[in-house]
Amino acid sequence: MISDFFLPDVGGVENHIYILSTELLRRGHKVIILTHSHPPDRTGIRYLSPGLKVYHIPFPTIARSATLPNFFTFLPYFRAIMLRERIGLVHAHASLSSLGHEGILHAHHFGIRTVFTDHSLFGFEDAASILTNKLLEATLANVDGVICVSHTG
C-alpha cells in the first residue's frame, strides 16, 4: 500500500488503508505500507498492531499531508523496498498522493502489478479538479485494476 495519507494522520483514506491492510493480513497476505515521514521523529520502519509494517520515507510534506512529486528521489527507496520485501502488487490510494502516483509509475516499469483506489470527490467544474482528473488519466493508463470509492470516480 502506498499513499501520502496514513496514520498518525486521521481521515477516511488513512482509516481505509489501515482497515484494508489489517484484513488482508488476517487472511494471510503480506502487507507493507509506504508513506512519508511525520516530524519530528517518525521515519524509518514502524510496526502497527497486528504486525503491519510501515515504511516512513523521509520526505517533507506540503499542504494537507501531501508530498511534492519526487519522481527520481523516490525511486531508490521504492526499488530497495520492493526488492527487500519481494513485492508482487502495488496498491496506491488517493488521487492527491504524489507517492501513490510515483509508486504506480515505478511499479509499472519494474513489471509489478498495480491497483489504484481513488477516494476523490472531484468533479469537472473547476481548474484544480480538471487538472487532477488529467493526472489520474495519465496514472490510470498504467494500472492493472482500479477501485473507485466515490460516485464521481
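Modeller: What follows goes from the sheet to its helices and then to the salt bridges.

This is a predicted model. The sheet is open and has three strands in the order β1-β3-β2, with mixed pairing. Because β1 (32–36) and β2 (44–48) stand at the edges with a single partner strand each, one side of each has no neighbour in the sheet. On average, neighbouring strands are turned by 25° against each other, direction ignored. Between β2 and β3, the latter made of residues 52–57, the pairing is antiparallel and runs over five bridges. As a point to find in the picture, R46 stands opposite V54 in β3.

Two helices pack on this sheet. Helix α1, residues 12–26, touches β1, β2 and β3, and its direction makes about 140° with that of β3. Helix α2, residues 71–85, touches β1 and β3, and its direction makes about 160° with that of β3.

Within α1, look at E14. Its relative accessibility is 7%, so E14 counts as buried, the cut-off for that being under 20%. Leaving aside neighbours within four places in sequence, E14 is in contact with F5, F6, L7 and D9.

Now the charged pairs. The count of salt bridges comes to five. One of them joins E23 and R26, whose closest N and O atoms are 2.5 Å apart. Both residues are in helix α1, and because they are three residues apart, about one helical turn separates them. E23 is partly exposed at 28% relative accessibility, while R26 is exposed at 62%.

Another salt bridge links K30 and E85, with the closest N and O atoms 3.0 Å apart. K30 lies in the loop between α1 and β1 and E85 lies in helix α2, so this pair ties together parts that are 55 residues apart in sequence.

Finally, salt bridges that share partners join E23, R26 and R27 into one network.

Key:
Residues are numbered from 1 along each chain as its sequence is written. This is a predicted model: local features need pLDDT of at least 70, side-chain atom pairs count only at pLDDT 80 or more; totals for chains, interfaces and linings use all residues. Side-chain values use heavy atoms; hydrogens and water are left out. Two strands pair if DSSP finds at least two bridges between them. Helices (H or I, at least four residues) and strands (E, at least two) are DSSP runs, numbered from the N terminus. Axes are lines fitted to C-alpha atoms, for helices over the stretch in contact, and angles run from 0 to 180 degrees between N-to-C directions. Contact means heavy atoms within 4.5 Å. Buried means under 20% relative accessible area, exposed over 50%, partly exposed in between (1.4 Å probe, protein chains only). A salt bridge is a side-chain nitrogen of Lys or Arg within 4 Å of a carboxyl oxygen of Asp or Glu.
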